[in-house]
Amino acid sequence: MSNPAYSLRQLAYFVAVAEAGTLAGASATLHVSASALSLALDELERSLGAQLTVRRRAHGIRLTPAGQETLRRARRLLREAGELADAAAGDPGEVAGTVRVGCYTTLAPGLLPAAIGRFTAHHPRARVEFVEGSQDLLARGLLEGELDVAVLYDHRLDPALELTAVSANTPHLVLPRGHRLLRGTAPVALADLVDEPMVLLDLPPSSEHALGVCLAAGLSPRVRYRTANAETARALVGQGLGFTVLAQADPEAGRREGVVAVAIAEEPAPLPIVLAWSGQVAPTATARAFAAAVRCAPAP
């Protein structure tokens, strides 16, 4: 097999330019002249025999379809090169290098700290970089090579992703303390809330799933407030401004004064939590080790 005609430096420059969107932006980040970056891009395109970018004066850099695919693969190659260097400096078989992790925002507080703690305790020469966000953002990061692995809800995910089950959360109802329907810890029927407004956690897929749970129970909710923050949703409920349906557990449930979390009488199905990665590339050893730490962490 012949050696590639391109270099890792050229790939690193290409990734930096693609992420910055301009030669000037990448130049400032890398402390390399714009002319040197432009020359590296030209050489990379000649080596690969494909046009990767469209460079327009005063309009920045736009990737061609070939450039988008090369960007995904280049990110992967650069991470594997870094992992190789880290592993070579340690003991044989030792997990090293950086794993880039995505986690759905509401799952992160209950899952990421324990998983990262377990992972770094077992693999002290490895590092974790993580991003929290919506599932659409994280799924795109996986498919574009920005992330190695992500923790998501298994709800309408891209079929190009490979999934491994972790656990599941059962949706529950959050009501103001003292609500007329509360009877100790007895479940409450969503259908009995027909005349009350809803506070919606508007962070896909939580919004779609919560509305689906309501509709399946025969309730067509009147959404009065929307928020992308679960804590804000609970606080609005605590002010008596509506009810909400959430999937993730509340670690402060026993200490909150204004709200009560209660089971839903219609018994909605649990929402599975999964590890996801791109089906187009095999996960690195570091990513597999982090996945093992997630599976051993307490359910969020």
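Me: Two strands pair if DSSP finds at least two bridges between them. In this predicted model, what makes β3 and β5 a pair?

Reply: β3 and β5 share three bridges, in the parallel sense. The cut-off is at least two bridges, so the two strands count as paired. Within the pair, Val101 stands opposite Val149 in β5.

Me: How do you know that β3 and β4 pair, and in which sense?

Reply: Strand β4 covers residues 126–133, and eight bridges join β3 and β4 in the parallel sense. Arg100 stands opposite Glu129 in β4. The chain runs from β3 through α5 to β4, a right-handed β-α-β crossover.

Me: Why is β3 called largely enclosed?

Reply: Seven of its eight residues are buried, so the rest of the structure largely encloses β3. Buried here means under 20% relative accessible area.

Me: Which residues touch the most other members of the largest nonpolar core?

Reply: Val151 and Phe290 do, in a core of 37 residues. Elements giving two or more residues to this core include β3 (97–104), α5 (108–122), β5 (149–153) and α9 (285–296).

Me: What makes Val99 and Val149 contacts of Phe290?

Reply: A contact needs heavy atoms within 4.5 Å. Phe290 touches both Val99 and Val149. Leaving out residues up to four places away in sequence, Phe290 also touches Val101, Leu112, Ala115, Ile116, Phe119 and Val128.

Me: Which residues does the second core include?

Reply: Among them are Leu173, Val188, Leu190 and Cys214. This core is separate and has 19 residues.

How values were computed. Residues numbered from 1 in each chain as written. Predicted model: local features only at pLDDT ≥ 70, side-chain atom pairs only at ≥ 80, totals over all residues. Heavy atoms only, no water. Core = buried A, V, L, I, M, F, W, Y, C linked by side-chain atoms within 4.5 Å. Buried < 20%, exposed > 50% of the residue type's maximum accessible area, 1.4 Å probe, protein only. Helix = DSSP H or I, 4+ residues; strand = E, 2+ residues; numbered from the N terminus. Right-handed = clockwise from strand over helix to strand, strands pointing away.
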